[in-house]
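I opened my notebook and picked a few spots to look up. Here is what I wrote down.

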Amino acid sequence: MSHHGVGLRAVLRSAAFLTAGALAVPLLAGCGSDDDVAKPLAAQDIDLVARSQVADGGTLKWAVDDLPETLNTYQADADTGTTRVAQATLPAMFRMDATGRPVVNPAYLESAKVIETEPRQVVLYKLNQQAVWSDGREIGAADFVAQWRALSGKDSAYWTARNAGYDRIEKIERGANDLQVRVTFSRPYADWKSLFSPLYPKDVMGTPDAFNDGARRKLAISAGPFKVDKVDTIAQDIVLTRNPRWWGRPAKLNQIVLHTVPHDKRVGALADGSADLADLDPADAERIGLAASGKGGSSPLRGGGKASLSTLRSWARAHGLDSADVRAGRTELARAIGAYLDQQTALKSYGVRKSLEPAYTQLALNGASGPLTDERVRRAIARALDRKEIARLVLTPLGLPAVPVGSHLALSGQLAYADDSGALGAQDTKAAQALLTDAGWVAGGPVKEERKAPKAAGPESGREEKSDGGHDGEYVVGEDNKGDAGGKHLAESGRHGGAAGAYAPKGTAAPAGVKAGPLAKDGKALTLRFVLPSGPGSDTLNTVADRISAMLDRLGIVTTITKVSDESYFKDHIAAGDFDLALYSWPSSAFPATDARPIYAKPLPGADGSVNVEQNYTRVGTDQVDQLFEQAATTLDEGEAKSLIRQADSHIWAAAGSIPLYQRPQLVGARKDLVNAGAFGFQTPVYEDMGFLKKGARVSASPSQG
């Protein structure tokens, strides 16, 4: 889901379609100028203070979604927790700065640069002479060699998730001394800065057995400000403690406990002190904001609790109490309201820190089957969307910049960013209608009535039913008024190769407009299946889907919204191609030529008749985009690489397989005295500087670290 959050390199796991063709060629003028300097749309929000203002000691309890299945970030089931452990305990040659750009990590490197390009590219790493593993051994060439051999893809005994970049290395050797490592590439590799971050000790990478199993539940050797003390499978915690062998600035905290807390329990965990720091959904962030401002709501139990049951229920609904509590009897409901008010009192000690995640939410259009195999239909849908309106719907209520994302391959602030959406064209309903007409879809055409097949017997027979607002099932937009008012879903980036990420205020009205007659072709209506998750947190996701469906409804496109369980959303629907439209998110990367290539690569048929889509779940790809990615990954000229990436992005826009909507909000609940932590934005957290503010100290707007 990394970072500053979950980065693409932690997410790309897992194992002939239409091209943009001539239609895309004249539209590539959408590339931005190379002279444009993009800036992050929102700054990080971490209550940054100088180290001298941070108290020594203490334990930070940091909420995570799940106990990681593995502590090896290079395995397929690595997740957000895996990445956080790696950042705090392992070397990274480069880390991300506040603009999402890689910078040398001085704790491990004095320098790293390309010293030769002919006949081969050679990178020389000069290591920090103090850098040692926790067992006392110097970090050196042997560790680089072991990691290269494990991740090169040449030995199938290593259960690796990827080998990008490592497969281009020809040899690694000691330099002029033990502190120098020479890496020689067989082919030029522009994204060489992505390698060896994190770097594992040779004890983990040295043999297939050690790689496959040795670092799943323990990390005996580390080299960061913290080390793994224990993985508690009963308490669902990972305990990190100060590393006594750490040579850098000592960690301010004694411990960081990564504590498993489901999203719908985050507010309770903050209120009872079992968490100090937690990612939040917008509704919970609003609740903490109200508590901090003293506007959490007056008690309806005044006068000795004599308020009527209907009054109590109205109050409970207005304040978002669980539906089961709302339906409960008077005694149970009064108890639930009392618990809610007690939590509001406790939440006054917390604040909400907010920025934008280095990730964006997109509308995915499955180009493998049905009407969306026709590029004209995909382009019509894209031209029908008012992306500015969607961005405002999601971000304006949160006080964040409501700017649509203009690139598939970078975000504002990163070197490769430019708004290339001009390759597709701006929102234009008439242009969208013209594309649909050209594709043969006409309003008011005859529609043959299809006989529905009887439901199969067995456990799957009742899986999709009419939605009543939160249950699995489907409903047709425009045929009823049933939406999903319950839940708080976010399909987290990093869990299944992608993440849903839509936020919107409750009760937002659909856009007004004149509805076109239903479109039909060859006796079939233009109906698209919009697949969404149904679990907790899905209310805002569904609101965005409803807004998109309403925009399409005005063209005469019918959308059938199908809600499925969170567990099956990616595995059984997105990855399997069982959808027409879907919402999910991708993290951005500082290395798009490497990391974004699998997301947009042209699917290829396998020898067994299957199709390898990698992470291209829309199944829309072109040879030209593949070639541009390869050229960008090969050139060592930064300006040329940036130009090639922008060209690739323009072609991706023109193919209309995925439509970026907005950068995802990052909302973090944090204790008010917790500093140097919160909504990190692009930047890699500095774990040794996190801690609690000294008594009498204040947060400064522009601190100097010391």
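Is glutamate 173 buried, partly exposed or exposed? I kept in mind that this is a predicted model. Glutamate 173 has 30% relative accessibility, so it counts as partly exposed. Buried would need under 20%, and exposed over 50%. I found glutamate 173 in strand β6, residues 169–174. Next I looked up its contacts, leaving aside neighbours within four places in sequence. Glutamate 173 touches Ala141, Gln180, Val181, Arg182 and Thr184. Alanine 141 is 32 residues away from glutamate 173 along the chain. Their C-alpha atoms are separated by 6.4 Å.

**Entry: a lysine in a loop**

I went to lysine 252 next. It is in the loop between β9 (237–242) and β10 (255–260). Is lysine 252 buried or exposed? Its relative accessibility is 10%, so lysine 252 counts as buried.

How many residues of strand β19 are buried? I noted six of the seven, in a strand that covers residues 558–564. Strand β19 is therefore largely enclosed by the rest of the structure. I checked its pairing with strand β18, residues 527–533. The two run in the parallel sense and pair over seven bridges. In this pairing, valine 531 stands opposite threonine 562 of β19.

Helix α16 came up next; it spans residues 566–574. I wrote down its buried residues: Ser568, Tyr569, Phe570, His573 and Ile574. What covers them? The cover includes β18, β19 and β20 (581–587).

**Entry: a three-strand sheet**

I looked up an open sheet with the order β13-β16-β17. Its pairing is antiparallel. Which strands are at the edges? They are β13 (442–443) and β17 (524–525), and each pairs on one side only. Strand β16, residues 519–521, is joined to β17 by two bridges. Alanine 520 has alanine 525 in β17 as its bridge partner.

**Entry: two helix pairs**

I reminded myself how such pairs are described: by the angle between the axes and the distance between them.

I took helix α12 (residues 375–384) and helix α14 (residues 429–438). Their axes are 8 Å apart, and the helices pack at an angle of about 165 degrees. An angle over 145 degrees counts as roughly antiparallel. So α12 and α14 are roughly antiparallel to each other. The crossing of α12 past α14 is left-handed. From α12, the contact uses Arg376, Val377, Arg379, Ala380, Arg383 and Ala384. From α14, it uses Thr429, Ala431, Ala432, Leu435, Leu436 and Asp438. I noted the classes in this contact of α12 with α14: seven nonpolar, one polar and four charged residues.

Then I turned to helix α19 (residues 623–634) and helix α20 (residues 638–655). Their axes come within 9 Å and cross at roughly 165 degrees. Therefore α19 and α20 are also roughly antiparallel to each other. Their crossing is left-handed. Which residues of α19 meet α20? I wrote down Gln624, Val625, Leu628, Phe629, Gln631 and Ala632. Across from them in α20 are Ala641, Leu644, Ile645, Gln647, Ala648, His651 and Ile652. The contact of α19 with α20 has nine nonpolar, four polar and no charged residues.

Key
Residues numbered from 1 in each chain as written. Predicted model: local features only at pLDDT ≥ 70, side-chain atom pairs only at ≥ 80, totals over all residues. Heavy atoms only, no water. Buried < 20%, exposed > 50% of the residue type's maximum accessible area, 1.4 Å probe, protein only. Helix = DSSP H or I, 4+ residues; strand = E, 2+ residues; numbered from the N terminus. Pairing = 2+ DSSP bridges. Axes fitted to C-alpha atoms, helices over the stretch in contact; angles between N-to-C directions. Parallel < 35°, antiparallel > 145°, perpendicular 65-115°, else oblique. Left-handed = near helix turned anticlockwise from the far one by under 90°. Contact = heavy atoms within 4.5 Å. Nonpolar A, V, L, I, M, F, W, Y, C, P; charged D, E, K, R; others polar.
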